[in-house]
Amino acid sequence: MTVTQSEPVTSGTAVRGLPARPRTCGPTLTHPQPAGRDQYTISEVAAHTGLSAHTLRWYERIGLMPHVDRTHTGQRRFTNRDLDWLSLVARLRLTGMPVADMVRYAELVRAGERTFAEREELLTAHREDVRQRIADLQSTLDVLDHKIDIYADARRASERF
């Protein structure tokens with residue numbers, strides 16, 4: 001298993017032969033190969049991921065995407081492995097990981113197994129940041145719940161009269 005694979009939990013419908021969008025990132029993600037193929041155009045990948053073609057090109061330019069194969073005419077051809085990687089990148093973005101850290105992580109992945117400790121350190125530090133943000137959001141949610149309860153109680157009290 002590679003570090004870019006995740007669990008095959010999907011939702012929605014397939015877009016032009018692409019598998020439905022993954023909902024979670026777990027141990028293994030396999031994409032059915034429509035009509036026996038494992039190559040997608042940039043527009044197909046954009047439709048599948050919700051990213052623009054410009055963003056996909058930018059990811060490649062800054063080193064966030066691994067090498068994307070090209071046809072003899074220079075058109076990008078993304079693979080299922082690329083889709084797995086983009087799914088992971090989407091999760092990292094969702095957690096608020098800075099682009100620079102995502103690029104660093106991508107570099108470490110490309111460098112191979114000798115970087116496991118560094119990758120673990122980077123992800124562990126980020127996980128702590130995420131946990132702190134979750135705690136902050138939970139505290140904010142508690143305040144909102146308290147306010148909502150106050151207004152709901154006041155509304156119910158006024159309806160009794």
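Helices here are DSSP runs of H or I with at least four residues, strands are runs of E with at least two, and both are numbered from the N terminus. The model is predicted, so local features need pLDDT of at least 70, side-chain atom pairs count only at pLDDT 80 or more, and totals for chains, interfaces and linings use all residues. Residues are numbered from 1 along each chain as its sequence is written, and side-chain values use heavy atoms, with hydrogens and water left out.

Start with the order. Along the sequence, the pattern reads β-β-α-α-β-β-α-α-α. The protein has 161 residues, and 32% of them count as buried. Buried means under 20% relative accessible area; exposed means over 50%; partly exposed is in between, with a 1.4 Å probe and protein chains only.

Next, contacts. A contact means heavy atoms within 4.5 Å. Take the contacts with a separation of 6 or more. Residues 24 or more positions apart account for 48% of those.

Now to helix H3. H3 covers residues 80-94, which is 15 residues. From first C-alpha to last, H3 reaches 21 Å, close to the 21 Å expected at 1.5 Å a residue. The expected span is 1.5 Å times one less than the number of residues in the helix. Which residues of H3 are buried? They are Asn80, Asp82, Leu83, Asp84, Trp85, Leu86, Ser87, Leu88, Val89 and Leu92. Just after H3 comes Gly96, with a positive phi of about 85°.

Look at Asn80. Asn80 sits in H3. Asn80 counts as buried because its relative accessibility is 8%. Which residue does the side chain of Asn80 join in a polar contact? The partner is the side chain of Tyr40, at 2.7 Å. A polar contact is a pair of N or O atoms within 3.5 Å; within protein, one must be able to donate a hydrogen and the other to accept it, and residues adjacent in sequence count only if both atoms are side-chain atoms.

Tyr40 lies in the loop between strand E2 (21-22) and helix H1 (42-49). Tyr40 has a relative accessible area of 0%, so Tyr40 is buried. Tyr40 and Phe78 are 38 residues apart along the chain, yet their C-alpha atoms are separated by 4.9 Å.

A quick stop at H1. Its buried residues are Ile42, Glu44, Val45, Ala46 and His48. Gly50 follows H1, and its phi is positive, near 85°.

Back to H3 and its neighbour. H3 packs with helix H4 (residues 99-111) at an angle of about 145°, with the axes 11 Å apart. Axes are lines fitted to C-alpha atoms, for helices over the stretch in contact, and angles run from 0 to 180 degrees between N-to-C directions. Which residues meet? Trp85, Leu88, Val89, Leu92 and Arg93 in H3 meet Met102, Tyr105, Ala106 and Val109 in H4. The residues of this contact divide into eight nonpolar, no polar and one charged. Nonpolar means Ala, Val, Leu, Ile, Met, Phe, Trp, Tyr, Cys and Pro; charged means Asp, Glu, Lys and Arg; the others, Gly among them, count as polar.

Zoom in on Ala106. Ala106 lies in H4. Why does Ala106 count as buried? Because its relative accessibility is 1%. Ala106 touches Gly63, Leu64 and Trp85, leaving out residues up to four places away in sequence. Ala106 and Met65 are 41 residues apart in sequence and 7.4 Å apart in space, C-alpha to C-alpha.

Leu64 lies in the loop between helix H2 (53-62) and strand E3 (69-70). With a relative accessible area of 1%, Leu64 is buried. Leu64 touches Tyr59, Trp85, Val89, Met102, Val103 and Ala106, again leaving out residues up to four places away in sequence. Leu64 and Asp101 are 37 residues apart along the chain, and their C-alpha atoms are separated by 9.8 Å.

Last, helix H5. H5 covers residues 116-159, which is 44 residues. H5 reaches 62 Å from first C-alpha to last, close to the 64 Å expected at 1.5 Å a residue. Its buried residues are Arg119, Leu122, His126, Val130 and Ala152. What do these buried residues pack against? They pack against H3 and H4.
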